[in-house]
Amino acid sequence: MQRNYAIDFIKFFAILAVVIIHTFPSNDQLGYFVLDNITRFAVPFFFAASGYFFGLKVNKNAESFSYFKKYATKILKIYFSWLIFYFIYDIVRILIRHGDTKKELSRYMDNFDVLNILYYGQGTSGYQLWFVISLVWSIVIVYLFFKMKRIKLLLVISLCLNLLGLFGQSYSIFDELPVTTTRAALYISLFYTVMGFWLAELQVWRKYNQSIYFYLFCFFGVLQVLEGYWLKNLDAKHGEYFFSTIFLTLFLFLYALSKPGLGKGLLVTKIGGNSLGIYAIHVFFIDMIDLLFERIGLEKNTHNLFLNLIDAGFVFILSYAAYYLIQSAKHLLKNRA
């Protein structure tokens, strides 16, 4: 099977987009708004890529259950390792902060409940970890339907849930879905994970010229910004994904599949291959850079584009460097054992 470099190449821009989303302020300035909306392809692309590679491994594989168990266990280990990291980090910050420590600890532990930990991925300052636990739930559901030979049915069900989830986002201005949040497995990650898994079973991307996929990706990128702008003018609340995101992600992924050699040998492709590690640790460095900016009088909320770019750049570089050092240390300890 030919290695696909394009997926890791695009992952670099996806993880950079995530860092930008999390470091840039949310405000009404047009530049910030367009940047926030156009980068919303990132997390859906990660889910689609995970579903695709999972599909390649389990399809026509007699040992599919062994791989499923190994893969799910690996993701769970990553999730709980970083959950513990952020839990300890939060406790330390509460203890060294000048305030009512007992009251703050009590409030923090009240939010650290089973549902938040095992489904929503909430409860700590590591809010981005929702992605990791959502991926676990999605893989479990996908594998169950795969064994029942009902992937196409799951694709339809997950699409309906994804569209329903829009009413917990910006579309709630029309009719609000009565749930805690739709930034969760059933509403976002399941559909895009199934999409990737389904594409692993097909060869549809070979039927069309790769340029068509790229132009369609660009078209739906613009359409997503316009959709967000339309909703914004209706005074809708902030949206994390849109109807256009479905097509934007699909055609971007088809483009990656149609051009597997894209990014081969490039540093950005190597970095993109480590996107999950950057994703897990970058929120910690957002806090660190924010503290640094506050100390030197350059608070993040100045809404200065240049400072925001510096902020995002520092966070990205430090996150990759820290993850690289962690992996190097693990490799060194493993070799010495």
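A salt bridge is a side-chain nitrogen of Lys or Arg within 4 Å of a carboxyl oxygen of Asp or Glu. The structure above is a predicted model, in which local features need pLDDT of at least 70 and side-chain atom pairs count only at pLDDT 80 or more, while totals for chains, interfaces and linings use all residues. Residues are numbered from 1 along each chain as its sequence is written, and side-chain values use heavy atoms, with hydrogens and water left out.

**Exercise 1.** Find what kind of contact joins the side chains of Asp287 and Arg93, and state which helices hold the two residues.

*Solution.* Begin with the general idea: side chains of opposite charge can pair when their charged atoms come close. Next, look at the pair itself, where Asp287 and Arg93 form a salt bridge with an N to O distance of 3.4 Å. Helices here are DSSP runs of H or I with at least four residues, numbered from the N terminus.

**Exercise 2.** Determine how many salt bridges the structure holds.
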